[in-house]
Amino acid sequence: MELHELRSPRSARRPAKRKGRGQGSGQGKTAGRGEKGQKSRSGAKIRLGFEGGQMPLIRRLPKVGFTPPCARRLSVVNVSTLNRFSDETEVTPELLVRERVIRKVRDGVKILGGGKLEKKLTVRAHAFSLTARRAIESAGGNCRGVEKKKSTVKTESEKH
């Protein structure tokens, strides 16, 4: 069988409705548009969210929240999650992605102090909470910083 020989089943293809072609067609006269009104006219285009002059829902609801454009989005990992690695392992952001602990590094990885660490690990991350740092060092491991990625937002001096 070749690509040009493929055919869809007869039941899969319906003939197009021929609107406005006389009363006998069942779609004659107003062609399924009803009687009067803006949507019955030719060339009628109504923008998304338009409610006939009434204040649209999107404008009736209050604005909520703010996302700062320069905020750092960190991937967070709890200390208890690091128990999956064997002793003396060097845990890096790349290893965390490979082992599917986090999906992606984003603007950095922060280790939080949730849970208890029972392994001696060397952890490399962009940031540590104070409790995480204490938990890693009390288990015999150590914390190392990773160089932060350069910001993608240009400063005024870089723009000119």
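How many bridges join strand β3 to β5? In this predicted model, local features need pLDDT of at least 70 and side-chain atom pairs count only at pLDDT 80 or more, whereas totals for chains, interfaces and linings use all residues. Residues are numbered from 1 along each chain as its sequence is written, and side-chain values use heavy atoms, with hydrogens and water left out.

Strand β3 (residues 109-112) is joined to β5 by two bridges, and the two strands run parallel. Strands are DSSP runs of E with at least two residues, helices are runs of H or I with at least four, and both are numbered from the N terminus. Two strands pair if DSSP finds at least two bridges between them. An open sheet of three strands has the order β1-β3-β5, with parallel pairing. β1 and β5 (127-128) stand at the edges with a single partner strand each, so one side of each lacks a neighbour in the sheet. Lysine 110 lies opposite alanine 127 in β5.

Arginine 73 is located in the loop between α1 and β1 (75-78). Apart from neighbours within four places in sequence, arginine 73 is in contact (heavy atoms within 4.5 Å) with Arg106, Asp107 and Gly108. Arginine 73 and glycine 114 are separated by 41 residues in sequence and by 19 Å in space, C-alpha to C-alpha.

Relative accessible area under 20% is termed buried, over 50% exposed, and in between partly exposed (1.4 Å probe, protein chains only). Cysteine 70 is exposed at 55%, while cysteine 143 is buried at 14%. Leucine 6, in the segment before α1 (57-60), is partly exposed, with 47% relative accessibility.
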